[in-house]
Amino acid sequence: MMTEQKATDTLAHLSLGKVSEYIDQYTPDLLQAVPRSMNRQALKCVDTQPFHGVDIWNGYELSWLNLKGKPCVALMQVEIPASSPNLIESKSFKLYLNSFNQWKIGGRDELQATLSRDLSHCAGEKVKVSLHDLDATKDYQIQHYQADLLDDLDIEVSEYQPNPQLLVCTDKLVERSHISHLLKSNCLITSQPDWASVLIRYSGNEIQPESLLRYLISFRQHNEFHEQCVERIFCDILQQCQPQNLTVYARYTRRGGLDINPFRSNFESPYANLRLIRQ
């Protein structure tokens with residue numbers, strides 16, 4: 001298993017956690033890849049994953065110049081397949097987007113194609129990019145996921161590092177959807193807090209709700225990237241509880257104008273990109 005220090009050493013080349021020069025001219029080399037295999041080694045799923053999915057990114061600070069030098073802005077949605085060999089480090093993504101701020105480009109279609117090409121090159125697989133006007137309110141309304149809320153359970157908590165042994169199952173077969181807004185982890189490099197709401201949808205032996213909430217809270221002092229945490233949650237539940245069907249979908253709050261929303265499942269297609277109230 002890769003230790004936290006070894007993981008940090010492996011990622012020492014990243015700009016994350018360092019003072020970075022602000023570049024406002026198009027520079028695709030700013031994008032930095034993180035091998036997904038790094039975390040999947042510990043989960044023992046490097047070659048074959050027990051899930052499929054996508055990382056859905058929303059960008060709220062995208063701007064460029066048209067050919068007359070007039071600034072333009074748009075909202076951005078990005079879908080990075082979980083099957084790609086790399087995830088994209090978020091600070092490098094932000095620096096890359098900043099590099100369009102003073103760059104003249106022929107139009108939105110050209111920009112969208114450029115973004116898709118560069119992100120696909122970094123991820124190692126085709127990345128879908130769509131740009132939207134700021135009046136596209138229908139696509140950005142606050143939504144509510146239909147699931148049983150775990151957070152009102154009156155529980156005692158004492159563990160703040162991931163412990164799958166906290167998960168307790170019964171012999172009762174059920175289909176359940178749970179949501180918690182109490183998922184917090186820390187950035188692998190900077191240890192800055194990351195906040196998320198997480199949807200757990202499964203069928204199989206019942207997972208006692210109190211134990212599931214304790215398990216999710218146990219990530220509170222854990223250092224990993226968003227995508228890695230979601231895959232760890234998925235693999236822990238799958239191994240410990242052995243559900244027939246399982247989905248884990250986290251909606252993280254934004255940082256630097258970007259939010260990341262990893263979706264992993266072994267039975268259903270990705271949910272729609274529905275914003276929660278903290279996003």
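Which residue has its charged end sitting over the ring of Y60? Okay, let's start there. That's R254, whose charged end is 3.7 Å from the centre of the Y60 ring. Keep in mind that we're looking at a predicted model.

Now, the strands. Have a look at β3, residues 71–81. This strand is mostly covered, with 8 of its 11 residues buried. On one side of the story there's β2, residues 52–65, which pairs with β3 in the antiparallel sense over 10 bridges. Between β2 and β3 you've got 5 residues, and the two strands form a hairpin. In that turn, G69 has a positive phi of about 85°.

β3 has another partner too: strand β5, residues 128–132, runs antiparallel to it, with 5 bridges joining them. Here, Q77 stands opposite S130 in β5.

Okay, on to the rings. The structure holds 12 aromatic pairs. One of them is Y26 with F100, a tilted pair at 5.1 Å centre to centre and 40° between the planes. Y26 sits in the loop between α1 and β1, while F100 is in the loop between α3 and α4, 74 residues apart. Both Y26 and F100 are buried.

Y26 also pairs with W103, again tilted, at 5.6 Å and 45°. W103 lies in the loop between α3 and α4, so this pair ties together parts that are 77 residues apart in sequence. W103 itself counts as partly exposed, at 31% relative accessibility.

How values were computed
Residues numbered from 1 in each chain as written. Predicted model: local features only at pLDDT ≥ 70, side-chain atom pairs only at ≥ 80, totals over all residues. Heavy atoms only, no water. Buried < 20%, exposed > 50% of the residue type's maximum accessible area, 1.4 Å probe, protein only. Helix = DSSP H or I, 4+ residues; strand = E, 2+ residues; numbered from the N terminus. Pairing = 2+ DSSP bridges. Phe/Tyr/Trp six-rings, centres within 6.5 Å; stacked < 30°, edge-to-face > 60°. Lys NZ or Arg CZ within 6 Å of the ring centre and 35° of its normal.
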